[in-house]
Amino acid sequence: MKTFFEWIKAILIAVVIGILILTFIKPIVVQQSSMEPTFYEGDYIFLSRQAYTLFGHVERGDVVVFHTELKDDEAHDKNLIKRVIGLPGDEVEIKEGYVYLNGEKQEETYVAEAGMSGEMEKIVVPEGYLFAMGDNRIASLDSRDVRIGCVSQEEILGKVIIRIFPFDRFKTF
């Protein structure tokens with residue numbers, strides 16, 4: 001009987017630990033190529049669900065996953081992974097294929113191909129919103145598209161904190 005209660009105790013502890021972990025961390029599999037070369041389709045990543053509620057504010061350069069009203073092939077709401085380019089109050093413009101933030105051309109070492117982001121007239125990011133783009137600008141559905149636009153900070157599911165698979169590309173963010 002003592003062994004039975006030890007098993008029950010171990011199982012309950014494991015369940016409580018699992019619930020605590022999933023409260024703070026969300027595992028995700030990347031299902032798109034819009035963030036190449038930073039993330040590839042099939043990469044396993046962990047999001048910090050509490051990154052912006054307990055541990056700070058969104059910063060330029062953060063990679064986030066957010067909810068959209070777009071539908072995937074099975075008619076489920078689609079979540080997107082993108083890099084934060086502009087914060088509330090920032091002026092974002094794309095000209096001659098380069099991103100300009102508050103009038104300054106950005107040196108984006110993480111993009112797949114520099115100078116491939118097209119053209120976009122200057123916008124001011126509204127309060128409570130972010131301007132987000134994929135690193136693979138040619139294949140990215142992001143804030144440049146009217147279906148996405150600026151992303152409400154309330155729609156952010158979490159900040160990418162670690163890529164755990166593939167193991168040879170393990171990295172923290």
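Helices (H or I, at least four residues) and strands (E, at least two) are DSSP runs, numbered from the N terminus. This is a predicted model, in which local features need pLDDT of at least 70 and side-chain atom pairs count only at pLDDT 80 or more, while totals for chains, interfaces and linings use all residues. Residues are numbered from 1 along each chain as its sequence is written, and side-chain values use heavy atoms, with hydrogens and water left out.

View 1. Reading from the N terminus, the elements run α-β-β-β-β-β-β-β-β-β-β-β-β, which comes to 1 helix and 12 strands. Along the principal axes, the C-alpha atoms fill a box of roughly 75 × 35 × 30 Å. Of the 173 residues, 36% count as buried; here buried means under 20% relative accessible area, exposed over 50%, and partly exposed in between (1.4 Å probe, protein chains only).

View 2. Leu12 sits in helix H1, residues 2-24, and counts as exposed because its relative accessibility is 52%.

**View 3. An open sheet of 4 strands.** Follow the order E7-E6-E5-E8, where the pairing is antiparallel. Strands E7 (104-105) and E8 (120-124) stand at the edges with a single partner strand each, so one side of each has no neighbour in the sheet. Strand E5 (residues 91-95) pairs with E8 over 3 bridges, and Glu91 has Val124 in E8 as its bridge partner. Two strands pair if DSSP finds at least two bridges between them.

**View 4. The largest nonpolar core.** This core has 12 residues, including Val58, Phe66, Leu70, Leu87 and Ile156. Strands E3 (63-71), E4 (77-86) and E9 (129-133) each supply at least two of the core residues, and the largest share, 3 residues, comes from E3. A nonpolar core is a set of buried Ala, Val, Leu, Ile, Met, Phe, Trp, Tyr and Cys residues joined through side-chain atoms within 4.5 Å. Leaving aside residues up to four places away in sequence, Leu70 touches His76, Asp77, Lys78, Leu141, Arg147 and Ile148; contact means heavy atoms within 4.5 Å.

View 5. A salt bridge is a side-chain nitrogen of Lys or Arg within 4 Å of a carboxyl oxygen of Asp or Glu. Arg163 forms one with Asp43, their closest N and O atoms being 3.5 Å apart. Arg163 belongs to strand E11 (residues 156-165) and Asp43 to the loop between strand E1 (25-29) and strand E2 (44-48), 120 residues apart.

**View 6. A salt bridge between two loops.** How far apart are the closest N and O atoms of Arg60 and Asp90? They are 2.9 Å apart in this salt bridge. Arg60 is in the loop between E2 and E3 and Asp90 in the loop between E4 and E5, so the pair ties together parts that are 30 residues apart in sequence. Arg60 counts as partly exposed at 41% relative accessibility, whereas Asp90 counts as buried at 6%.
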